[in-house]
Amino acid sequence: MNSKTFPRYGAGSGWNALLPRRAPHEQLPKERRYDAIVVGAGYTGLAVARRFAELMPAQQILVIEASEIGEGSSARNSGFLSPSIIEPRPNAYGSAEDDALRKMRIVLAGLDWLRTVVKEHKINCDWDEKSPRITAAATLRGERVLRSYRVSLEKRNLKAIEHEAEGLKGLIGTGYYRYGCETLTRAFIQPAALIRGLADTLPSNVTVLERAAVEAVDGAGPFKVRTRRGDFVADKVFIANNAHARALGFLTDRMIIVYTYGALTRELDNHELNRLGSLPAWGVLPASRMGTTMRKVQRRFLIRSSYSYEKEKNLDTVRTVLTGLFQRRYPAMRSYDLEHVWGGVTAITVNGGMYFGELRPGLYASVACQGAGVLRGSIHGKLLAEMACGCQSPLLTDRLKLSGPDWIPPEPFRGIGALAKMGLEHWRAGREC
């Protein structure tokens with residue numbers, strides 16, 4: 001199997017480890033001919049399959065996943081559903097503000113649709129829209145950014161609450177931060193439980209095949225989708241495996257892989273939980289994207305930080321780094337034992353643009369989630385299925401007016417540039433890390 005087709009992680013998802021064991025769908029289906037094939041069973045791929053199956057109930061859809069659902073990148077994030085805007089830019093369709101408004105409408109539609117799916121199918125993923133989601137600044141520079149960010153949110157009719165240092169300390173139990181901005185449109189989830197629930201509640205005309213990495217997509221409709229375990233044929237193919245689309249020869253000069261790292265403590269006793277503030281659950285995002293994310297959740301503490309380019313770091317080194325960041329923020333804890341430490345990949349583009357559309361007739365793709373794949377992946381998958389079925393909507397029009405990813409130079413220039421930019425952003429982040 002091509003080792004670049006999907007990542008081989010050094011440890012399982014900590015979120016998945018908290019759930020009962022699940023038997024993956026490994027048995028090869030008898031059918032080899034489908035109306036549509038979806039490559040990748042993350043948020044985007046499952047949304048494509050769900051919506052396509054709803055719109056075309058007489059057609060058969062196959063979803064092929066390289067690893068197993070609950071262990072892929074979709075189950076390795078921090079579980080924040082944050083309707084944020086990624087790098088608004090002017091383009092041929094309007095100003096940066098027009099771009100921001102389109103992106104906001106799209107991501108809010110993603111939150112609404114995902115909430116509806118979870119509710120209708122009774123997916124037990126700890127959906128939580130009550131606990132505070134705070135972006136916190138530990139530096140003066142970060143505070144200035146967040147105060148400006150709060151103004152921009154309110155300008156777009158998204159409510160936000162300010163937290164000065166003392167009030168923030170009471171909520172989250174640490175005086176490390178000087179300012180916080182709490183957005184009131186948000187949700188938290190258990191990401192492994194959500195992705196497993198989405199897979200388990202697909203329509204009956206969808207077949208899922210796990211542990212069968214796609215190695216090539218050939219032809220021009222019908223397409224042949226080749227795996228080490230057998231070949232499949234379909235009239236339409238959807239590429240939804242994020243940066244690993246590069247291994248199939250798609251968009252090789254548009255995105256890079258960045259690994260990020262997370263950890264969960266063991267369950268904490270009441271004394272330790274009280275050191276993490278007065279609330280039973282909360283989430284904190286950093287003022288800098290190179291900073292540290294934290295959650296108090298399920299009587300545990302989650303910490304997420306550190307980055308690497310294209311290759312996973314040694315997880316013992318990651319454990320040491322994350323433990324140090326935990327200690328820096330909560331110096332009075334009795335223990336800093338991290339029960340689960342893991343890495344996960346995301347796809348990053350140079351301009352923040354995601355690819356969405358038809359690569360060639362019958363071959364569709366939505367990739368490059370920018371580390372915000374739960375909401376964006378879900379709504380982009382839904383819209384991509386609607387596009388392939390000939391459905392039109394104002395939201396799809398909005399999506400088609402967004403810019404795609406810019407060209408990235410080949411190696412070694414690509415790696416030199418990426419590492420330099422990551423190093424500069426880490427230095428600028430300072431105490432936000």
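This is a short tour of a predicted model, stop by stop.

**Stop 1: two crossing helices**

Select helix H3, residues 96–120, and helix H9, residues 373–388. Their axes are 8 Å apart, and the packing angle is about 85 degrees. An angle of 65 to 115 degrees counts as roughly perpendicular, so H3 and H9 are roughly perpendicular to each other.

Now show the side chains of the contact. On H3, pick Ile106, Val107, Ala109, Gly110, Leu111, Trp113 and Leu114. On H9, pick Val374, Leu375, Arg376, Ser378, Ile379, His380 and Lys382. Colour them by type: nine are nonpolar, three polar and two charged.

**Stop 2**

Aspartate 398 sits in helix H10, residues 394–400. Is aspartate 398 buried or exposed? Its relative accessibility is 10%, so aspartate 398 counts as buried. Leaving out residues up to four places away in sequence, aspartate 398 touches Arg102, Arg105 and Ile106. Draw a C-alpha to C-alpha distance from aspartate 398 to arginine 105. The two are 8.2 Å apart in space and 293 residues apart in sequence.

**Stop 3: the aromatic rings**

How many aromatic pairs does the structure hold? There are 11. Begin with tryptophan 282 and phenylalanine 301. Their ring centres are 6.4 Å apart, with 65 degrees between the planes, and the pair is edge-to-face. Tryptophan 282 belongs to strand S13 (residues 282–286) and phenylalanine 301 to strand S15 (residues 300–309), so the pair ties together parts 19 residues apart in sequence. Both tryptophan 282 and phenylalanine 301 are buried.

Next, select phenylalanine 326 and tyrosine 330. Their ring centres are 6.2 Å apart and the planes meet at 75 degrees, so this pair is also edge-to-face. Phenylalanine 326 has 0% relative accessibility and therefore counts as buried. Tyrosine 330, at 3%, counts as buried too.

Trp282, Phe301, Phe326, Tyr330 and Tyr336 form one aromatic cluster.

**Stop 4: out from the cluster**

From Phe326, step to methionine 333. Methionine 333 is in the loop between helix H8 (315–329) and strand S16 (338–348). Methionine 333 is buried, with a relative accessible area of 7%. Beyond neighbours within four places in sequence, methionine 333 is in contact with Leu268, Glu272, Arg275, Leu276 and Phe326. Check glutamate 272: its C-alpha is 6.5 Å from that of methionine 333, across 61 residues of sequence.

Leucine 264 is buried, with a relative accessible area of 0%. Not counting residues up to four places away in sequence, leucine 264 touches Gly14, Trp15, Leu18, Arg300, Phe301, Leu302, Leu338, Glu339, His340 and Trp342. For a contrast, pick alanine 216. The C-alpha atoms of leucine 264 and alanine 216 are separated by 36 Å, although these residues are 48 apart along the chain.

**Stop 5: charges over rings**

Select arginine 76 and tyrosine 9. The charged end of arginine 76 sits over the ring of tyrosine 9, 3.7 Å from the ring centre. Then move to arginine 329 and tyrosine 176. Here arginine 329 lies over the face of the ring, 4.4 Å from its centre.

**Stop 6: backbone exceptions**

Switch to the backbone. Most residues other than glycine have a negative phi, and most peptide bonds are trans.

- Glycine 221 and proline 222 are joined by a cis peptide bond, with omega about 10 degrees. Proline 222 is in the loop between strand S9 (214–219) and strand S10 (223–227).
- Glutamate 411 and proline 412 are joined by a cis peptide bond, with omega about 5 degrees. Look for proline 412 in the loop between H10 and helix H11 (413–429).
- Aspartate 126 has a positive phi of about 55 degrees. Aspartate 126 lies in the loop between H3 and strand S4 (133–137). At 40% relative accessibility, aspartate 126 counts as partly exposed.
- Asparagine 242 has a positive phi, near 55 degrees. Find asparagine 242 in the loop between strand S11 (230–239) and S12. Asparagine 242 is buried, with a relative accessible area of 17%.

Notes. Residues are numbered from 1 along each chain as its sequence is written. This is a predicted model: local features need pLDDT of at least 70, side-chain atom pairs count only at pLDDT 80 or more; totals for chains, interfaces and linings use all residues. Side-chain values use heavy atoms; hydrogens and water are left out. Axes are lines fitted to C-alpha atoms, for helices over the stretch in contact, and angles run from 0 to 180 degrees between N-to-C directions. Helices (H or I, at least four residues) and strands (E, at least two) are DSSP runs, numbered from the N terminus. Angles under 35 degrees count as roughly parallel, over 145 as roughly antiparallel, 65 to 115 as roughly perpendicular and the rest as oblique. Contact means heavy atoms within 4.5 Å. Ala, Val, Leu, Ile, Met, Phe, Trp, Tyr, Cys and Pro count as nonpolar, Asp, Glu, Lys and Arg as charged, and the others, Gly among them, as polar. Rings of Phe, Tyr and Trp (its six-membered ring) pair if their centres lie within 6.5 Å; planes under 30 degrees apart count as stacked, over 60 as edge-to-face and the rest as tilted. Buried means under 20% relative accessible area, exposed over 50%, partly exposed in between (1.4 Å probe, protein chains only). A charge sits over a ring if NZ of Lys or CZ of Arg is within 6 Å of the ring centre and within 35 degrees of the ring normal.
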